[in-house]
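Me: I have a structure open and want to go through it with you. Can we start with the pocket?

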Amino acid sequence: MLLEAEYNNRLDIQQLREFLLHGTELPKTETGDYDMRIKNAQKSLRKFMDNNFPDNSEDEIMEYILDYASDMQDIYFEMGMQSGACIIVQLLKNILTAK
């Protein structure tokens with residue numbers, strides 16, 4: 001039971017994501033909820049855009065950035081669903097062979 005408690009304490013979705021995507025441990029996990037993290041990322045991008053592209057080209061550049069982000073989101077979501085399905089299949093195999 002102690003091993004299980006230690007295992008559960010080490011579970012963290014951000015650490016799992018970082019390991020699966022980059023093969024490394026995340027130095028510090030984000031504490032904010034998803035909405036706050038999105039707003040912070042948008043604020044950072046907006047500040048960069050304002051500082052580097054003060055003219056009216058900002059809307060066009062933002063459109064390209066958002067199209068790119070949307071495509072990446074779709075791809076990684078699909079990959080995540082496929083990975084999750086593979087994990088479920090492996091878990092079910094382990095459960096069935098353990099009986």
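Me: Which helices each supply at least two residues of the lining of the largest pocket?
Reply: This is a predicted model. In it, α2 (13-22), α3 and α4 each give at least two residues to that lining.

Me: Which one supplies the largest share?
Reply: That is α4, with 13 residues of the lining.

Me: How much space lies in the largest pocket?
Reply: About 1300 Å³. The pocket is lined by 26 residues.

Me: Which of them are the closest to its centre?
Reply: Arg17, Leu21, Gln73, Tyr76 and Phe77.

Me: How do the lining residues divide into nonpolar, polar and charged?
Reply: There are 16 nonpolar residues, seven polar ones and three charged ones.

Me: New topic. At what angle do the axes of α3 and α4 cross?
Reply: At roughly 140°. Helix α3 covers residues 34-52, and helix α4 covers residues 58-98. Their axes come within 11 Å.

Me: Is the crossing left-handed or right-handed?
Reply: Right-handed, as α3 passes α4.

Me: Which residues meet there?
Reply: From α3, they are Leu45, Arg46, Met49 and Asp50. From α4, they are Glu58, Ile61, Met62 and Ile65.

Me: And how many are nonpolar, polar or charged in that contact?
Reply: Five are nonpolar and three are charged. The contact of α3 with α4 has no polar residues.

How values were computed:
Residues are numbered from 1 along each chain as its sequence is written. This is a predicted model: local features need pLDDT of at least 70, side-chain atom pairs count only at pLDDT 80 or more; totals for chains, interfaces and linings use all residues. Side-chain values use heavy atoms; hydrogens and water are left out. Axes are lines fitted to C-alpha atoms, for helices over the stretch in contact, and angles run from 0 to 180 degrees between N-to-C directions. Helices (H or I, at least four residues) and strands (E, at least two) are DSSP runs, numbered from the N terminus. A crossing is left-handed if the near helix is turned anticlockwise from the far one by less than a right angle, and right-handed if clockwise. Contact means heavy atoms within 4.5 Å. Ala, Val, Leu, Ile, Met, Phe, Trp, Tyr, Cys and Pro count as nonpolar, Asp, Glu, Lys and Arg as charged, and the others, Gly among them, as polar. On a 1 Å grid over the protein atoms alone, a cavity is a set of points where a 1.4 Å probe fits but cannot get out, and a pocket is an open set with protein on both sides within 12 Å along at least five of seven lines; lining residues have an atom within 4 Å of a point. Grid points are joined across faces, edges and corners, and a volume is the space filled by probe spheres set on the points.
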